[in-house]
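Hello,

Here is the structure I promised to send over. Have a look at it first, and my notes on it follow below.

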Amino acid sequence: MTLPKPLRSRPLVSVVVPCYNYGHYLPQAVDSILSQQGVDLEVIIVDDQSTDGSELVAAELAAGNPCVRVIRNEVNKRHIATYNTGLAEITGDYVVLLSADDMLAEGALARATALMEQYPSVGLVYGYCPDFTDVPEPSNPARTWSVWNGIDWLRAVAHRGDNVVINPEVVMRASVMKDLVGYDPAFPHAADLLLWLQSAAISDIGRVNGVQAYYRTHAKQMHVTDYAGTLTDMRERAALYRAFFTDEGRGAQLPGAHRMLRNALRATAKEAVWCAVLARIADDTVGGSDSDAFREFALANYPKIRQTILWRDLERRRTGRTPIIPDRQLRFAYRAKWAVKWRIWRRWGL
């Protein structure tokens with residue numbers, strides 16, 4: 001970790017705001033952008049044929065500030081195409097994709113761009129992005145930066161197996177975004193994770209160790225309405241890791257690509273077995289899927305999962321035999337595992 005340096009230039013940051021029926025959230029999101037200090041701004045609102053009057057809200061915001069402009073899709077293109085429509089229009093040195101229901105933290109853009117101005121090899125900066133529902137809690141300023149070699153960051157993420165970066169907290173160098181040509185429509189659920197992996201394959205990764213944005217939780221958000229489900233998320237990640245680390249993926253030629261793919265699939269399979277055991281104990285589903293569905297996923301993606309104690313425990317439970325690990329200890333171990341994992345992620349970003 002290093003101490004932050006002040007921003008000594010005034011870069012242009014393009015912020016793309018995709019919007020579909022989030023008109024009532026849009027002013028709060030745009031205000032959080034326009035209140036950023038120390039950078040010049042280009043705000044591009046892309047309305048995806050909303051039916052709630054978002055277009056009028058966006059037009060009013062654009063009329064009140066010359067750096068805001070509005071694009072309206074001729075038809076509803078869904079989220080990935082809408083993202084890429086806005087990203088194709090950017091002219092800034094750096095770029096942010098901020099959903100119309102999320103918000104930037106005060107000073108986030110100056111902090112992220114200062115890091116990238118100090119380290120020209122860094123192509124993506126993230127931070128921490130707490131949830132909120134109405135008004136975000138005040139946050140303390142970041143006191144340190146972290147900078148990783150891109151390959152080292154990829155190794156750590158593959159070992160962990162899940163996504164450590166949330167979209168609103170990311171500021172990317174525009175040249176890196178243009179090289180990657182935006183979000184991949186082949187992975188509508190996990191295109192953001194693929195973009196982070198691709199960025200690490202061609203640039204270094206930085207982190208402002210503090211709150212950089214806020215992620216709004218509500219009943220109509222896309223991850224609830226369209227892509228809900230723990231197993232759905234695991235399947236998307238597994239498919240994405242294979243696409244990135246093999247065939248024509250940008251990670252295929254990286255040193256240790258095969259090992260990173262194996263580690264990512266092993267971590268995801270272990271996560272699935274935990275869910276399978278917990279579903280079996282509860283005699284219920286976990287995240288919308290039953291024990292057998294998680295078991296099949298784990299076995300298909302990492303056959304050596306059979307060699308783990310947790311798998312053997314699951315098999316004993318399936319056949320009505322006494323489990324290796326008592327229920328109470330297993331639940332405690334699961335909670336402790338995720339508590340430690342969360343604290344490491346919150347503190348160090350990985």
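Helix H10 passes helix H11 in a left-handed crossing (left-handed if the near helix is turned anticlockwise from the far one by less than a right angle, right-handed if clockwise). Helices here are DSSP runs of H or I with at least four residues, numbered from the N terminus. The axes of H10 (residues 257–282) and H11 (residues 291–301) come within 8 Å and cross at roughly 160°; axes are lines fitted to C-alpha atoms over the stretch in contact, and angles run from 0 to 180 degrees between N-to-C directions.

On the H10 side, the residues in contact (heavy atoms within 4.5 Å) include Leu-265, Ala-272 and Cys-275, and H11 brings in Phe-294, Phe-297 and Ala-298, among others. Sorted by class, this contact has 10 nonpolar, three polar and three charged residues (Ala, Val, Leu, Ile, Met, Phe, Trp, Tyr, Cys and Pro count as nonpolar, Asp, Glu, Lys and Arg as charged, and the others, Gly among them, as polar).

Please keep in mind that this is a predicted model, where local features need pLDDT of at least 70 and side-chain atom pairs pLDDT 80 or more, while totals for chains, interfaces and linings use all residues. Residues are numbered from 1 along each chain as its sequence is written, and side-chain values use heavy atoms, leaving out hydrogens and water.

H10 also meets helix H5 (residues 150–160): their axes come within 6 Å and cross at roughly 30°, so H5 and H10 are roughly parallel to each other. Among the residues making this contact are Leu-154 and Ala-158 of H5 and Met-260 and Ala-264 of H10. The class count for H5 with H10 is five nonpolar, two polar and three charged residues.

Now the cysteines. With a disulfide taken as a pair of cysteine sulfur atoms within 2.5 Å, the count is zero. Cys-19 has the sulfur of Cys-67 as its nearest cysteine sulfur, 17 Å away. Cys-19 is buried at 3% relative accessible area (buried is under 20%, exposed over 50%, partly exposed in between, with a 1.4 Å probe and protein chains only), and Cys-275 is buried too, at 4%.

Finally, Gly-86 lies in helix H3 (residues 78–87) and is buried, with 0% relative accessibility. Leaving aside residues up to four places away in sequence, Gly-86 touches Val-16, Ile-44 and Val-46.

Best wishes

Terms used
Helix = DSSP H or I, 4+ residues; strand = E, 2+ residues; numbered from the N terminus. Parallel < 35°, antiparallel > 145°, perpendicular 65-115°, else oblique.
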